[in-house]
Amino acid sequence: MYKMMRVFVLLLLYLSTLEISGAADTPTMIWEKCERARSLSQYDSLGIYSLQLQKASSGNPRLTAFSLFYKGLSHLFTGKAQEAMPLLGQSQQIAERIDNDSIIALVMNAKGIYHIMVENNNFLAQQMFFRSLEYAERAGYEQTFMGAYYLAMYHNLRGENDKAEKYIKESLAIYGKCKYDDVASVYTLYSKVELDKGNTALSEQYALEAIKLAKQYKQSFLLPDAYLQYATMLNATKQYAKSNEMAMMALENTEDAGKNKTISCYRLISRN
């Protein structure tokens, strides 16, 4: 009886060991988690998964490049933007070495976001988006690797606002099917596009929606852009006192947004 019980216990231990070992995620499974977190704009989770992928990708340069890209993207959207660029550079170097246009497109896209979000440098952002689009088209993944939102941003920078609006609508259609936390950035861009087209009422509506959604999803890093866009719209409609108020709200939320965003706020205030 004792021997039978001992064999039974050993068998249970063996089976539990198999279950635990079988539960470990493969590198591909971790990569899929990263992609899902990226698609949903869950950047804190993306940072965690990127570290897991980095550990699991030993000897696989493609997955290593992806892990560095994911980690850089996570930093970019979680208040550590200055740490993002070196990681994106390392990812790009590996991707170029293994001739992976898809990863290069992703990295160029992220660099464009950095230049427009942190440095407020539309010229460099446009260059990065253009190069990203070239690599994405070469890889055959224009929509997948650029993303509708970033294509909208690219066309807005080129003054092609009808095309920009088309991609914004696609971004919002995607949001309707699969919620993502940084949808406020889409509405901020939509407000800018409508203002560029002279539709001030729609511009105000979308700017207010951006502010509301940034607060709702606790995406505080998106508030400076949303408030600044609202202030810009108010300036365009000669509501100078309220424009100053919104610009000051943008300033209050610019702690991690970079000095150029602060300069933009003061520049707008000086015009009011």
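**Helix packing and a cap**

Mentor: This is a predicted model. The crossing of α9 and α10 is left-handed.

Trainee: At what angle do α9 and α10 pack?

Mentor: Helix α9 (residues 148-157) packs against helix α10 (residues 161-177) at about 165°, and their axes are 8 Å apart. Angles over 145 degrees count as roughly antiparallel, so α9 is roughly antiparallel to α10.

Trainee: Which residues make the contact?

Mentor: From α9, the residues include Y149, L151 and H155. From α10, they include Y167, I168 and I174.

Trainee: New topic. Is α6 buried or exposed?

Mentor: Of its 17 residues, 17 are buried, so α6 is largely enclosed by the rest of the structure.

Trainee: And how far apart are the end C-alpha atoms of α6?

Mentor: They are 24 Å apart. Helix α6 covers residues 101-117, and at 1.5 Å a residue its 17 residues should span 24 Å, so the two values agree.

Trainee: What caps the N-terminal end of α6?

Mentor: N100 does: a side-chain oxygen of N100 lies 3.2 Å from the backbone nitrogen of S102.

Trainee: Where is N100 found?

Mentor: N100 is in the loop between α5 (81-97) and α6.

Trainee: Is N100 buried or exposed?

Mentor: Buried means under 20% relative accessible area. N100 has 15%, so it counts as buried.

Trainee: What does N100 touch?

Mentor: Leaving out residues up to four places away in sequence, N100 touches R62 and A95.

Technical notes. Residues are numbered from 1 along each chain as its sequence is written. This is a predicted model: local features need pLDDT of at least 70, side-chain atom pairs count only at pLDDT 80 or more; totals for chains, interfaces and linings use all residues. Side-chain values use heavy atoms; hydrogens and water are left out. Helices (H or I, at least four residues) and strands (E, at least two) are DSSP runs, numbered from the N terminus. The expected span of a helix is 1.5 Å times one less than its number of residues. Buried means under 20% relative accessible area, exposed over 50%, partly exposed in between (1.4 Å probe, protein chains only). A polar contact is a pair of N or O atoms within 3.5 Å; within protein, one must be able to donate a hydrogen and the other to accept it, and residues adjacent in sequence count only if both atoms are side-chain atoms. Axes are lines fitted to C-alpha atoms, for helices over the stretch in contact, and angles run from 0 to 180 degrees between N-to-C directions. Angles under 35 degrees count as roughly parallel, over 145 as roughly antiparallel, 65 to 115 as roughly perpendicular and the rest as oblique. A crossing is left-handed if the near helix is turned anticlockwise from the far one by less than a right angle, and right-handed if clockwise. Contact means heavy atoms within 4.5 Å.
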